[in-house]
Amino acid sequence: MTLAVLFDSSHAKFVELAAPRMTRGVSRKPSFNAATEAMRLRADSHARRRVRYRGSRLDRFSRELLALRDEGATTAEIQRWLRERRVRVHHSTVARWLRCRGAS
């Protein structure tokens, strides 16, 4: 049996590996099962597609923001109102939040 010496950089050490035997007709690979692999890939795709919603900073003030908008406040005025309460968001964030919540 022949030994090969390799340097394993991930562990910073030398590793001795046995050379594979040369045998005919014997495959050392595990058999491929398409049904199992397809099921594993579908489960992985499902996990990747999961909705990960974290909630907006503006959700805490939803009643106040919608009331201000109903009274005719602009998005810039609402942004200033939020800034007075130490919530620093961009003008477009306020506009998008209002648009998604059905406020025109």
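In the predicted model shown above, T75, A76, I78, Q79 and L82 of α3 meet H91, V94, A95 and L98 of α4, where contact means heavy atoms within 4.5 Å. Helices here are DSSP runs of H or I with at least four residues, strands are runs of E with at least two, and both are numbered from the N terminus. The axes of α3 and helix α4 (residues 91–100) come within 9 Å and cross at roughly 110 degrees; such axes are lines fitted to C-alpha atoms, for helices over the stretch in contact, with angles running from 0 to 180 degrees between N-to-C directions. The two helices α3 and α4 are therefore roughly perpendicular to each other, a label that covers angles of 65 to 115 degrees.

Two residues of α3 give a closer look at this helix. T75 lies in helix α3 and is buried, with a relative accessible area of 12%. Buried means under 20% relative accessible area, exposed over 50%, and partly exposed in between (1.4 Å probe, protein chains only). Apart from its neighbours within four places in sequence, T75 is in contact with R69, H91, V94, A95 and L98.

E77 is also found in helix α3, which covers residues 75–84, but E77 is partly exposed, with a relative accessible area of 36%. The side chain of E77 reaches the backbone nitrogen of T74 at 2.9 Å. The C-alpha atoms of E77 and H91 are separated by 9.4 Å, with the two residues 14 apart along the chain.

At the start of α1, a side-chain oxygen of N33 comes to within 3.2 Å of the backbone nitrogen of A35.

Stepping back, the protein chain has four helices and two strands, following the pattern β-β-α-α-α-α along the sequence. Of its 104 residues, 13% count as buried. Among contacts between residues at least 6 apart in sequence, 35% join residues at least 24 apart.

Residues are numbered from 1 along each chain as its sequence is written. Because the model is predicted, local features need pLDDT of at least 70 and side-chain atom pairs count only at pLDDT 80 or more, while totals for chains, interfaces and linings use all residues, and side-chain values use heavy atoms, with hydrogens and water left out.

Terms used: A polar contact is a pair of N or O atoms within 3.5 Å; within protein, one must be able to donate a hydrogen and the other to accept it, and residues adjacent in sequence count only if both atoms are side-chain atoms. Angles under 35 degrees count as roughly parallel, over 145 as roughly antiparallel, 65 to 115 as roughly perpendicular and the rest as oblique.
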